Amino acid sequence: MSDGPLSRLSINQETVKQWSLPELAEGCVKAGVGKVGLWRAPVQAYGVERTAGLLSDAGLAVTSLCRGGFFTALDPADRARALDDNRAAIDEAAALSTDTLVLVSGGLPPGSRDLHGARERVADALAELAPYAATRGVRLAIEPLHPMYAADRCVVSTLGQALDLAERFPAEQVGVVVDTYHLWWDDRAPAEIARAGGRIHSFQLADWITPLPAGVLLGRGQLGDGSVDFRAFRRQVEAAGFDGPIEVEIFNEALWARDGAEVLAEVAERYVQHAC
């Protein structure tokens with residue numbers, strides 16, 4: 001694989017969602033990209049062990065598995081099911097030889113307005129899961145999502161909130177995700193990145209473009225099409241000590257409608273142009 005400007009580039013499979021896992025492996029090899037980020041649903045559909053073998057044979061490293069989390073339910077049975085599912089996610093990450101499981105905390109339970117209580121239930125879940133993850137060689141990476149997702153998807157909205165949770169646990173067990181799409185707007189982000197230091201377990205890129213689509217989930221932009229200063233983010237995370245893979249994760253239906261090889265080539269070109 002590439003030892004040049006693409007050596008740290010990782011392609012999250014959602015960026016080229018139109019590709020099957022075999023197509024993803026073949027396309028990355030052809031493009032000289034040696035790293036991929038994976039999502040649980042397509043991996044489960046293909047088979048966890050089968051996926052691990054496919055990527056190992058192709059010489060591809062898995063930089064992260066997404067996602068665990070959704071810890072905020074009030075019902076004890078629902079919380080127990082969430083913990084069981086997250087233990088399974090940890091096992092899947094270990095089987096895929098990635099040390100990073102990305103966590104999306106979950107939103108407010110129906111009828112609740114208690115953000116603090118929801119975040120405390122996230123902490124309770126981390127206390128249950130972090131020791132188990134450590135035995136499997138997996139780190140838990142809390143991903144703060146833009147505040148527009150706080151009600152239904154993620155009560156952790158800022159890097160500061162994520163660090164307040166992560167710092168209750170050893171750094172080698174629980175850290176954070178720095179995702180430019182979710183953090184670009186926050187003038188506290190540079191200080192919190194410096195605070196994070198060795199707790200930065202994943203660094204993800206996507207651009208912020210407007211207008212947002214209905215439902216907002218699929219509004220991430222191709223690098224360079226929006227408002228994010230990627231080089232500034234890269235300087236900040238590297239100054240904090242991060243030297244790991246840089247993962248491009250874009251949910252965008254217009255990209256998914258195009259030829260996957262064309263999209264991957266464009267991502268690589270934009271990465272070099274805007275993030276190197």
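How many nonpolar, polar and charged residues are in the lining of the second largest pocket? The tour ends with that count. The model on screen is predicted.

**Stop 1: Trp39 and Phe251**

Select Trp39 and Phe251. Their rings form an edge-to-face aromatic pair, one of 4 aromatic pairs that a search of the whole structure finds. The centres lie 5.7 Å apart, with 75 degrees between the planes. Now trace the chain. Trp39 is in strand 2, residues 35-39. Phe251 is in the loop between strand 10 (246-248) and helix 10 (253-256). The pair links distant parts of the chain, 212 residues apart. Both Trp39 and Phe251 are buried.

**Stop 2: Trp184 and Trp208**

Move to Trp184 and Trp208. Their ring centres are 5.8 Å apart and their planes meet at 45 degrees, so this pair is tilted. Here too, distant parts of the chain are linked, 24 residues apart. Trp184 is in the loop between helix 7 (180-183) and helix 8 (189-196). Trp208 is in strand 8, residues 207-208.

Is Trp208 buried or exposed? Its relative accessibility is 10%, so Trp208 counts as buried. Trp184, at 31% relative accessibility, counts as partly exposed. Ring pairs join Tyr181, Trp184 and Trp208 into a cluster.

**Stop 3: Charges over rings**

Select Arg220 and return to Phe251. The charged end of Arg220 sits over the ring of Phe251, 4.6 Å from its centre. Then select Lys17 and Trp256. The charged end of Lys17 sits over the Trp256 ring, 4.7 Å from the ring centre.

**Stop 4: The largest pocket**

The largest pocket holds about 300 Å³ of space. Two elements give two or more residues to the lining: strand 3 (61-69) and helix 7. By class, the lining of the largest pocket has 10 nonpolar, 1 polar and 7 charged residues.

**Stop 5: The second largest pocket**

Select Arg139, His201, Phe242, Gly244 and Pro245. About 220 Å³ of space lies in the second largest pocket. Its lining has 20 residues, and the selected ones are the closest to the centre. Strand 3 and strand 7 (200-205) each give two or more residues to this lining. Colour strand 7: the largest share, 4 residues, comes from there.

Back to the opening count. The lining of the second largest pocket has 6 nonpolar, 9 polar and 5 charged residues.

Notes. Residues numbered from 1 in each chain as written. Predicted model: local features only at pLDDT ≥ 70, side-chain atom pairs only at ≥ 80, totals over all residues. Heavy atoms only, no water. Phe/Tyr/Trp six-rings, centres within 6.5 Å; stacked < 30°, edge-to-face > 60°. Buried < 20%, exposed > 50% of the residue type's maximum accessible area, 1.4 Å probe, protein only. Lys NZ or Arg CZ within 6 Å of the ring centre and 35° of its normal. 1 Å grid on protein atoms, 1.4 Å probe; cavity = no way out; pocket = protein on both sides within 12 Å on 5 of 7 lines; lining within 4 Å. Points joined across faces, edges and corners; volume = space filled by probe spheres on them. Nonpolar A, V, L, I, M, F, W, Y, C, P; charged D, E, K, R; others polar.
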